[in-house]
Amino acid sequence: MTSSSAPAAPTLWQAFRFWLKLGCISFGGPAGQIAIMHQELVERRRWISERRFLHALNYCMLLPGPEAQQLATYIGWLLHRTRGGIIAGALFVLPSLLLLVLLSWLYIAYGQQPLLAGLFYGIKPAVTAIVLQAAHRIGTRALRNGWLWAIAGAAFVAVFALQLPFPLIVAGAALAGYLGGRYLPQAFKIGGGHGAAKASYGAAVIDDETPPPPHAQFRWRRLALVAVGGALLWLAPMALLMSTLGWQHTYTQMAWFFTKAALLTFGGAYAVLPYVYQGAVAHYGWLTPPQMMDGLALGETTPGPLIMVVAFVGFVGGYGLAPSGGLAAPLAGAVAATLVTWFTFLPSFVFILAGGPLVEATRDDLHFTAPLTGITAAVVGVILNLALFFAWHVVWPAGFDGRPDWAAAAIALAAAVALLRYRQKVPQVIAACAVAGLAFKQLAAAL
């Protein structure tokens, strides 16, 4: 059933309540969060049409950073100007930040207890299967022809064998997409693998032919104001950190590193994680590889964008800056978690508020969407590399010279079958794997 008349435009308070609810229920990673927004905003509430929703999503997938949070920011901005975008984007993140700070504290304090150790033993193989599912899900949607398969394969070789930096891989994929859009338009005609609108849910508040509202029309003065405002919001806390703590302090290094992570990593949370691992684990040593996997497991089981695992990284890295005992260490961890969240998500707000008017003027422009198609294909190869990396640490925790962990391998295989064959939901699979891991550890201890 469709309606020929559009619903009433939501008030800012109505939108506030929805974005807060979304921030508390947005489980399932980027795909699940985008599905929830589509169901609520396109199908049920009809605040935005299918085509406008997909066009905004394509732009957000082109950007570095979390596409689901950026999509919420974009739609909030389109509905209620700058304040609407800030409210939508902030409420998408805030519940997850508060919950992850609490869970990170419990993890540090009690993570070595037999109960939690057993649970995390089962969760880590599940994370490996989840990342593999992400590669499969994006690949089946994005790799529609041999040209896109070739881009994905080249990206995998570039990161796995050649260890090329991610920005270089993304730039190459975008160039391939641009050339493909110019010379092979049929192969690259839909950015990001998202099809055109195939269903009509009735007239929407922001419909296919609705002209951009005044605040969404491009103006150079507005673009300059957003760029300068964003730069000041980054520069002020960075200058404060440098002047009070110095460049080498962990807080300052975290601010700089996660700024680069926000600006240089494309393709959503799963593509960001290898970069975060490379810096936070291998270079700075803020946490260990097993802790990184535990953090990703916590990120998968909490609402909000998966890249909120950076809050866990910040908490663990900051926790050790203060003496143990009392509240000093947890407070240091909470400050670090908040700090890295600020520097990770600030660029996303700037990208949306500055680039939104340009996006509204480029609907159905192949020159804009074709590079996105190439980037999305490359992301498949990057995510597959991440799945292999996690599988290595799960099955061979002591390296290839050690004995394989066959119990962990069995749990990972069972999780992959549940996700890929039987399409079980991520929280249910994680819960089942956690119980299996606890049971195995209890049995091993008894024997």
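Author: A crossing is left-handed if the near helix is turned anticlockwise from the far one by less than a right angle, and right-handed if clockwise. Helices here are DSSP runs (H or I, at least four residues; strands are E, at least two), numbered from the N terminus. This is a predicted model, where local features need pLDDT of at least 70, side-chain atom pairs count only at pLDDT 80 or more, and totals for chains, interfaces and linings use all residues. Residues are numbered from 1 along each chain as its sequence is written, and side-chain values use heavy atoms, with hydrogens and water left out.

Reader: Fine. Which way is the crossing of α3 and α4 handed, and at what angle do they pack?

Author: The crossing of α3 and α4 is right-handed, and the two helices pack at about 130 degrees with their axes 9 Å apart. Axes are lines fitted to C-alpha atoms, for helices over the stretch in contact, and angles run from 0 to 180 degrees between N-to-C directions. The pair is therefore oblique, given that angles under 35 degrees count as roughly parallel, over 145 as roughly antiparallel, 65 to 115 as roughly perpendicular and the rest as oblique.

Reader: Which residues meet there?

Author: From α3, Phe53, Ala56, Leu57, Tyr59, Cys60 and Met61 meet Glu67, Gln70, Leu71, Tyr74 and Ile75 of α4, where contact means heavy atoms within 4.5 Å.

Reader: And why is α3 described as largely enclosed?

Author: Because 12 of its 13 residues are buried, α3 is largely enclosed by the rest of the structure; buried means under 20% relative accessible area, exposed over 50% and partly exposed in between, with a 1.4 Å probe and protein chains only. Among the buried residues are Glu50, Arg52 and His55.

Reader: What span should α3 have, and how far apart are its ends?

Author: At 1.5 Å a residue, the 13 residues of α3 (residues 50-62) should span 18 Å, and the end C-alpha atoms are 19 Å apart, which agrees; the expected span is 1.5 Å times one less than the number of residues. At the start of this helix, a side-chain oxygen of Ser49 comes within 3.4 Å of the backbone nitrogen of Arg52.

Reader: Changing topic, how are α9 and α12 arranged?

Author: The axes of α9 (residues 250-264) and α12 (residues 309-319) come within 11 Å and cross at roughly 160 degrees, so the two helices are roughly antiparallel. The contact is made by Thr250, Met254 and Phe258 of α9 with Val310, Val313, Gly314, Gly317 and Gly318 of α12, and this crossing is right-handed.

Reader: What does Ala280 touch, leaving out residues up to four places away?

Author: With that exclusion, Ala280 touches Phe257, Gly285, Trp286, Leu287 and Val313. Ala280 lies in helix α10 (residues 269-283) and counts as buried at 0% relative accessibility, while its C-alpha atom is 9.1 Å from that of Gly314, 34 residues apart along the chain.

How values were computed. A polar contact is a pair of N or O atoms within 3.5 Å; within protein, one must be able to donate a hydrogen and the other to accept it, and residues adjacent in sequence count only if both atoms are side-chain atoms.
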